[in-house]
Amino acid sequence: MVRTISGQPGHLRAPAGPPPRSLPGFRQRAAAFVRRHRLVPYLLLLPSAAVIAVLVLWPTVQIAEFSFQNYGLQQEIGAAPTQWVGLGNYAHILHDPEFWLSLRLSVLSAAVMVPLTLIVGTLVGLLLSQLGRRMAAFVSSVSVLAWATPAVSASVIFVWLATPDGGVVDWFLAKLPSWLGGGAHWAGFSWTNSALPAYTLATAVVVWLGFPFIAVTVLAGLRTIPTELFESARVDGGGPWRIFWRVTYPLMRPIFQVLFLLSVIWDFGVFTQVFIIIGELGQRDEYNLGIYEYSTAFTLPPAYGMASALAFILTIIMLIITVGYVRASVREGALR
Amino acid sequence: MTTLSTSSPVRRRRLLSRRARRAGLNLLGLLVALITLFPIFWMVSTAFKPATEWYSLTPHPLPSHPTLGNFRAVINGSVIGLPYWNFLKNSLFVTVVSVVASSLIALLAAVALARFRFRFRTSYLIMLLIVQMLPQQALVIALFIDFRSLNLLDSLVGLILVYTAFALPVTIWMLRNFVAAVPRELEEAAAIDGAGPMRAFWRILLPLVAPGLVATSVFAFIFAYNEFIFALTFLGTDTAKFTLPIYVQYFYGRTGANWGAIMAASTLFTIPVLAFFLLVQRRLRAGLVAGAVKG
């Protein structure tokens, strides 16, 4: 597929023919207008700008708008008019213990998922840089497979691995000697019935899906560092730990910064994995902020106004992190 | 051997320790690969096991009496009553159309961003970075309400629109690097030879950007094929319209604990995308890097 595209250049389209007779000179005049006002880049951006504006930016504005309204079931079926309620939804949320519980779960789980994904990914990236060419290609192909696995599949597989009856995780933990934390009490242990084990499982899925991207990016970053730097550090008697913190990390700081912020954004907003692991919207004490917002909107009776306020809070948190991400990207020179 | 015996003991020791290091690293690499592969392996292995084997107190890595029964149940449609092909068809339709649409739209934008300097260029790039980070579980509320009034719920067209839009930021961002990598002199030379801008685009730029187009479209493909939240929300009631992720999730939710069948459904959903990945992965890794680190 690839080869046919790059191998047959050009005869996809005949050169532009003469303008149609019914519009004498129209095309030339339009082209001259575009050229004179330097409109070409704007015309090229128009389709993407329109699609993004209608399908991404406008819904964001709508979320903000709904969050100040009492939009719910009554308004949906037309039994009552939609009214502006000012900050009513937000005031309600701030006094809602479920909101704080879900926010806490989101923050805590991201605080574990992000460092874990970064550490595992960086270690694998460093390992890849030390391996021979063939072995490195093999290991990175395998990791990229994990990255490409759909979140739905990964979550269902991990639930199966950790299921109390017939799951391989509980079997393994029960077999493990007690000084390693194993023991018979693991047999039949449920990983989905309460928040801590459920989020442990979700963390496993997130790390498994997320570390390959970190590893491949770190590897690419390592390749930009001249090998002489490592060699001279080694000659100076630095061990691997020292070399990493004295040479590798300072040089790759911008990359790590971007990876950190991306991970924070992804893991704070993790949805699919948690949704599947906690068994759809069943267990309210296992909701994170995204799931809580979603269930407010889409379980009966729908409370779109309240859910929009939650969604807007989620969006604002993400945007605050994104500001850091954008600044790190600008510093890295990504906008050139 | 002769070189070893003639060399000094110090050099021999160093060579041996280097070999030991190599072996240790390879072992570590193998371990990482095995741990990473294990969940995928276990999914496929379970899918081939009869119930007596997956429902067992001592798990066995490989099925001792492999069966196709689980796959048959999925393909014949034992849960929703529709065969697997129906959902594969939905998924491929949505994915292919949205990938083609987003690639074409992104190519235009990428040319503008890589080849022209104009006002708002930086703002547009920053806007793309921000848009990429907006939480989908937030936007889905507004899009659900809009699509309901436009009769786009329970419709694959609605999903195509959303997938096209949400794939754009990353696709534009990555394609921009590929367009920028094509030497501008080639187009200038074509212009001197009398080719118009359109001709230069089709004859020079497009063929050279094609590998990048493939790499970026793989990302759009993965996004659309794997996407969960929008499909879950928009395709709520019409099971015949389900895409594969929703189908697998529904299958998992409705089959009780028939893990053999669930893993068969999951395998039939996952393996096509992994196979596709292995086919294009070299280009893909280039794209992954171009998107993440400034190329």
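Tutor: In chain B, of the contacts with a separation of 6 or more, 74% join residues 24 or more positions apart, a contact being two residues whose C-beta atoms, placed from the backbone, lie within 7 Å. This is a predicted model, in which local features need pLDDT of at least 70 and side-chain atom pairs count only at pLDDT 80 or more, while totals for chains, interfaces and linings use all residues. Residues are numbered from 1 along each chain as its sequence is written, and chains are lettered from A in the order in which they are written.

Student: How many helices and strands are there in chain B?

Tutor: Helices (H or I, at least four residues) and strands (E, at least two) are DSSP runs, numbered from the N terminus; by that rule chain B has 13 helices and 0 strands. The radius of gyration of chain B, taken over C-alpha atoms, is 25 Å, well over the 19 Å from the globule rule for 295 residues, so chain B is more spread out than a compact globule; that rule is 2.2 Å times the number of residues to the power 0.38.

Student: How many residues does each chain give to the contact between chain A and chain B?

Tutor: The contact takes 87 residues from chain A and 86 residues from chain B, and helix H3 (residues 40-66) of chain A gives the most to the chain A side, with 15 residues. That side divides into 60 nonpolar, 21 polar and 6 charged residues, where Ala, Val, Leu, Ile, Met, Phe, Trp, Tyr, Cys and Pro count as nonpolar, Asp, Glu, Lys and Arg as charged, and the others, Gly among them, as polar.

Student: What is the mean pLDDT of chain A?

Tutor: The pLDDT is the predictor's confidence in each residue, from 0 to 100; its mean for chain A is 86, and 93% of the residues of chain A reach 70 or more. Over residues 1-17 of chain A, however, the pLDDT is below 50. Where pLDDT is low, the predicted coordinates should not be read in detail.
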